[in-house]
Amino acid sequence: MTASRPRNAIRSVVGGSLGNLVEWYDWYIYSAFALYFSKSFFPSDDPTAQLLSTSIVFAIGFLMRPLGGWLLGALADRYGRKNALTWSITLMCAGSLIITFAPTYASIGIWAPILLTAARMAQGLSLGGEFGTAATYLVEIAPPEKRGFWSSFQYVTLIAGQLLALGLLLLLQFVFLTEAQLEAWGWRIAFATGAILAVSVFWLRRGIDETPDFLEEGGEKRKGGLLTLIREQPKQVALVFGLSIGSNVSFYAFTTYMQKYLVASAGFEKGQASLVCSAALIFYIAIQPILGALSDRIGRKPLLYWCWIAGVLATVPLFTAIGAAQSMLSAFLLICLAYLIISGSSATSAVVKAELFPPHIRALGVGLPYAVSQAIFGGTAESVALGFKAAGMEAAFFWYVAGCMGVALVTTLFLPETRWPGGKPKRAA
């Protein structure tokens, strides 16, 4: 292998993407199965209070993501993207194993939610480094003129991880287990499956190629870290943070929270909500490469403008209509429309952020501000939504989502177009 041409770029992209899928599956099964395991860790007579407690632990996991973005991002920039990706999957596996075997509140009392929180902290640390490193890896391993297309597979696998979690939930709901069995012990199957998959991916990631951009960097350059990032690229850090506010809140509002919204507000059965969300996610996956390839032709910013302008205008009407949906089909179509809107951001997320930074601080530059935004805005999205609902002000959450997308719209005004005419992206200085 030479620094300019990997042995097998397609194999490396597939390997990195499959690892990303398992990482996000392990992360999303928490949200997908929260309806069933919440009472095992948080005893209460109020189902909304149980979900709120579970969502708070979900948010605590996000608080670890900036630390993961810093540590694993610096590791990726100094010792290689492949090295950091391997450590990331190891941490995720450890968290899934802890949850798989954690005793319930009835068995060990307060230690049960403490164990759950510790596991989510380990997974948050993992995922905090995963996003920036995986985005950097996919952008750098891709042909320069197809970076938008290839890097869009980060969200393909990210969404596929969520779909896999929902698919397993559907199988357990409708084929193998009763609802009582799911609540008693069936939810553990999902976390055990994630741990097994993570072990397989650990070996897969050990065999992928390192990226040309990293191999071409000199030894001194690789000493870049947090201080170098802040000193050399403060504007780029601010841009990633601003964009991530809109993308994180809208993504979690329309994906992980949507299943609960369909049950708690629209009145669908749990199984129906899972079916609707699963079908809509298939559509979401399918359009990512299409829009990623489009960004290679027309640029990244037109798709971002589409996302933010349409999101600001349509978020409140869409949530209102979904909450009043009378059929699974109407709910499915409305959610697909929401996914078409936010895909303008998700399909270009990796390439827009990675192309802002030079290689020696790219993984850290992408991962850290994104993770900070996730901790403040993404991880709290469900808690904010449930908090507004508990206070009888559910519609306020819809305006909150639209406002966050408005912040991203303003940020995009200051974003440089990183794609040159002719399909060649500008290389960060």
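Reader: Which residues are in contact with leucine 262, leaving aside its neighbours within four places in sequence?

Author: In this predicted model, leucine 262 is in contact with Gly267, Phe268, Ala273, Val276, Cys277, Ile322, Ala331 and Ile335. Contact here requires heavy atoms within 4.5 Å.

Reader: Which residues touch the most other members of the largest nonpolar core?

Author: They are Phe33, Phe37, Met258 and Leu262, in a core of 110 residues. Helix H9, residues 153-176, gives the most to this core, namely eleven residues. A second core, separate and made up of nine residues, includes Val13, Leu85, Leu138 and Ile208.

Reader: Why is helix H14 described as largely enclosed by the rest of the structure?

Author: Helix H14 spans residues 256-264, and seven of its nine residues are buried, so the helix is largely enclosed by the rest of the structure. Those buried residues are Thr256, Tyr257, Met258, Gln259, Lys260, Tyr261 and Leu262.

Reader: Why is methionine 92 called buried?

Author: Buried means under 20% relative accessible area. Methionine 92 has a relative accessibility of 0%, and therefore counts as buried. This residue lies in helix H5, residues 81-101.

Reader: What does methionine 92 touch, not counting residues up to four places away in sequence?

Author: Methionine 92 touches Glu23, Asp26, Trp27, Gln123, Ser126 and Leu127. With glutamine 123, the separation is 31 residues in sequence and 4.8 Å in space, C-alpha to C-alpha.

Reader: Why does cysteine 93 count as buried, and why does cysteine 307?

Author: The cut-off for buried is under 20%. Cysteine 93, at 11% relative accessibility, counts as buried; cysteine 307, at 0%, also counts as buried.

Reader: How many disulfides does the model contain?

Author: A disulfide requires a pair of cysteine sulfur atoms within 2.5 Å. By this rule the count is zero.

Reader: Why is isoleucine 108 called partly exposed?

Author: Partly exposed covers the range between the buried limit, under 20%, and the exposed limit, over 50%. Isoleucine 108 has 31% relative accessibility, so it counts as partly exposed. Isoleucine 108 lies in helix H6.

Reader: Which residues form the nonpolar patch on the surface?

Author: Ile98, Tyr105, Ile108, Ile110, Trp111, Ile114 and Leu115 form this patch, and together they have about 620 Å² of accessible area. Helix H6 (105-108) and helix H7 (111-141) are the elements that give two or more residues to the patch. H7 supplies the largest share, three residues.

Terms used. Residues are numbered from 1 along each chain as its sequence is written. This is a predicted model: local features need pLDDT of at least 70, side-chain atom pairs count only at pLDDT 80 or more; totals for chains, interfaces and linings use all residues. Side-chain values use heavy atoms; hydrogens and water are left out. Patches are made of residues with over 30% relative accessible area and no salt bridge: like charges are joined within 9 Å, nonpolar side chains (Val, Leu, Ile, Met, Phe, Trp, Tyr) within 5 Å. Accessible areas come from the Shrake-Rupley method with a 1.4 Å probe; for residues, only the protein chains shown count as cover. A salt bridge is a side-chain nitrogen of Lys or Arg within 4 Å of a carboxyl oxygen of Asp or Glu. Helices (H or I, at least four residues) and strands (E, at least two) are DSSP runs, numbered from the N terminus. Buried means under 20% relative accessible area, exposed over 50%, partly exposed in between (1.4 Å probe, protein chains only). A nonpolar core is a set of buried Ala, Val, Leu, Ile, Met, Phe, Trp, Tyr and Cys residues joined through side-chain atoms within 4.5 Å.
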